[in-house]
Amino acid sequence: MPHRPAELTPTLDTLAHSGAGPLHWLATATAMAAVIAAAGLIQPAASATGPTPAPASGPRASAAPAPDPARATYPLDCKGLPVAVTATAQGDLDGDGRPETVTAVRCDAGSGTPPHAIYVLAQDKAPGSAPRVVATLLEAARKQTATDLAVRDGVVTASLLGYSSPQVPRYSPDVKQLAKWRWTGGKFRQELTNSDARSV
């Protein structure tokens, strides 16, 4: 009696793959594509719930708010009149990572053109402390009006309008200067550029 090879006993594995035709493989490929697409959609959501990226380093990331000019007391004698802050600019002027506020201030006379003073404010680190004046860039005694106050790259700039003589009406300044103040060697140094008086 010729020997016949033993027949394999069917198992779950052999039954699943026996007689697989093109429709079977198409269905399998479709299912795999669906799984891969779903994984692609889930991945961004999963990464969004991952660790929070570390904050950017540098002075801007750790800087405290700039001093509030409304809370400061200014050394300006207004003879009982209120003080008006007409312009402000903020920036780190001394490179310590904490912003200062530069303010253009004058007496609120209600009429006329009172001269400006320009002050630099710093904020003490003690909680609840008021800003304090740490430098005077322009004194009111110079009888000039400040416009275009700005801070860029640690340099304070302003246009200063003034008068060539006491006879010039206060409402019509005829001298214009571009002023720059830069913190150097532990103090503010001023640079002035004169403009043509007729251009004012």
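Q: Two strands pair if DSSP finds at least two bridges between them, so which strand does β1 pair with?
A: Strand β1, residues 83–91, pairs with β2 in the antiparallel sense, and eight bridges hold the pairing. Helices (H or I, at least four residues) and strands (E, at least two) are DSSP runs, numbered from the N terminus.

Q: Before we go on, what kind of model is this?
A: This is a predicted model, in which local features need pLDDT of at least 70, side-chain atom pairs count only at pLDDT 80 or more, and totals for chains, interfaces and linings use all residues. Residues are numbered from 1 along each chain as its sequence is written, and side-chain values use heavy atoms, with hydrogens and water left out.

Q: OK. How many helices and strands does the protein have?
A: There are three helices and eight strands. From the N terminus on, the order is α-α-α-β-β-β-β-β-β-β-β.

Q: Back to β2. What else does it bridge to?
A: Strand β3, residues 117–122, is joined to β2 by five bridges, and these two strands run antiparallel.

Q: Is β2 mostly covered or mostly open?
A: Strand β2, residues 100–107, is mostly covered, with seven of its eight residues buried. Buried means under 20% relative accessible area, exposed over 50%, and partly exposed in between (1.4 Å probe, protein chains only).

Q: And how much of the protein counts as buried?
A: Of its 200 residues, 28% count as buried.

Q: Moving to the other end of the chain, how do β7 and β8 pair?
A: Strands β7 (residues 175–184) and β8 (residues 187–195) pair in the antiparallel sense, with nine bridges. Ala 179, for instance, stands opposite Leu 192 in β8.

Q: What sits between those two strands?
A: The hairpin of β7 and β8 has two residues between the strands, and Gly 185 there takes a positive phi near 60°.

Q: Which residues have a positive phi without being a glycine?
A: Lys 79 is one of them, with a positive phi of about 55°. Asp 153 also has a positive phi of about 55° and is not a glycine.

Q: Where are they in the chain?
A: Lys 79 is in the loop between α3 (59–62) and β1. Asp 153 is in the loop between β5 (145–152) and β6 (155–162).

Q: Buried or exposed?
A: Lys 79 has a relative accessible area of 71%, so it counts as exposed. For Asp 153 the relative accessible area is 82%, so this residue is exposed too.

Q: New topic, rings. How many aromatic pairs does the structure hold?
A: Two. One of them is Trp 183 with Phe 188, edge-to-face, at 4.9 Å centre to centre and 70° between the planes. Rings of Phe, Tyr and Trp (its six-membered ring) pair if their centres lie within 6.5 Å; planes under 30 degrees apart count as stacked, over 60 as edge-to-face and the rest as tilted.

Q: Why does Trp 183 count as partly exposed?
A: Because its relative accessibility is 36%.

Q: Last one: what lies over the face of Tyr 163?
A: Arg 170 does, at 3.7 Å from the ring centre. A charge sits over a ring if NZ of Lys or CZ of Arg is within 6 Å of the ring centre and within 35 degrees of the ring normal.

Key. Two strands pair if DSSP finds at least two bridges between them.
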